Amino acid sequence: MKIKLPIVIIGALVLLSSCSQVYTPALYHQDIAYLPKPASFDKESTANYVSAGLNMHTNTNFNDVLVSGQVNLSRANTFDNFNVAYGAFGSFGDYQTGSSDKAKANYFRDKFFGAVGGRFSANFFVNNDRADIRFIGVEAAYSHEFGDYADFRKFLVTQPGYKVDARTDLFSIGLTSEILFHNQNDTDFQHGIRGYLGTTLGYNPINEEFYSGDTATQRMFRNIYPKASYFIKFKDYFGTIEVGSAVFLRAGLKF
């Protein structure tokens, strides 16, 4: 066992480092982000929000790393038992590859990527003492990707042996549920916990080429992705931590 275990570990690492042949859009399953909205117990029912954040995740093979910064601007309105938010964002980052064979068509060290897009969010809610329970909600996001990594995927589509989703336009949509509450006797200090379950619409060639052996149930669960968010606000300052297939940290200002 002392000999076999290191061999298995080394073999797995070699396999991962040699199979960087699946490439997806830079924001695939990373385009949905928490949109703040005024609570029913806030003084203002309309607010604007600006924020900046850092996103880190890996590709399908878990051996390439994507790191990006993001800026967000949104506006939100809260009505009786209903709220809505909408906004725009820009993302700029670096795709760092784990491939090492310079003779292959997919070899590179790192490539720039960028994206711009818009987001929409709406919820029905009820108030219970110190909490707004946003029990039925919908989230949607559209993004357009550009840069060296997008051009690289378009090139790899023409090469044999690679599984590539060359889309540069993504549209994701899903359902949410959230509870937002304030500290005892302090409505300016707020916390929110939100769950999201959604999918990215459109044809993904990787499902046909790389996961062709999946059953209908396996394919459904592969296309549906979850995300959990924690929101904290003190006066006009806020922050979010979002966890799904990646970690997204963000801080911002309400005005």
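**Close-up views of a predicted model**

**View 1. The buried face of helix α2.** In helix α2, which spans residues 148-156, the buried residues are Y149, A150, F152, R153 and L156, where buried means under 20% relative accessible area, with a 1.4 Å probe and protein chains only. Seen down the axis of α2, these residues fall within an arc of 160°, so they line one face of the helix; the arc is that of the directions from the helix axis to the C-beta atoms. An α-helix has 3.6 residues a turn, so residues three or four places apart point the same way. The cover over the buried residues of α2 includes β1 (22-23), β4 (82-96), β5 (110-128), β6 (131-146) and β7. Helices (H or I, at least four residues) and strands (E, at least two) are DSSP runs, numbered from the N terminus. This is a predicted model, in which local features need pLDDT of at least 70 and side-chain atom pairs count only at pLDDT 80 or more, while totals for chains, interfaces and linings use all residues. Residues are numbered from 1 along each chain as its sequence is written, and side-chain values use heavy atoms, with hydrogens and water left out.

**View 2. The surroundings of T168.** T168 lies in the loop between β7 (163-164) and β8 (169-183), and it counts as buried because its relative accessibility is 13%. Apart from its neighbours within four places in sequence, T168 is in contact with S143, H144, E145, A150, R153 and K154, contact meaning heavy atoms within 4.5 Å. Among these partners, A150 and R153 also belong to the buried residues of α2.

View 3. Ten strands form a closed barrel in the order β2-β3-β4-β5-β6-β8-β9-β10-β11-β12, with antiparallel pairing, two strands being paired if DSSP finds at least two bridges between them. Neighbouring strands of this sheet are turned by 20° against each other on average, direction ignored. Helix α2 packs on the sheet, touching β4, β5 and β6, and its direction makes about 105° with that of β5; axes are lines fitted to C-alpha atoms, for helices over the stretch in contact, and angles run from 0 to 180 degrees between N-to-C directions.

View 4. The antiparallel strands β2 (residues 46-58) and β3 (residues 65-79) are joined by 13 bridges, and M56 has V67 in β3 as its bridge partner. Between β3 and β4, also antiparallel, there are 15 bridges, and R75 is partnered by Y86 in β4. Two residues separate the strands in the hairpin of β3 and β4, where N81 takes a positive phi near 65°. The antiparallel strands β4 and β5 are joined by 15 bridges, and G90 stands opposite V116 in β5.

Note on methods. Buried means under 20% relative accessible area, exposed over 50%, partly exposed in between (1.4 Å probe, protein chains only).
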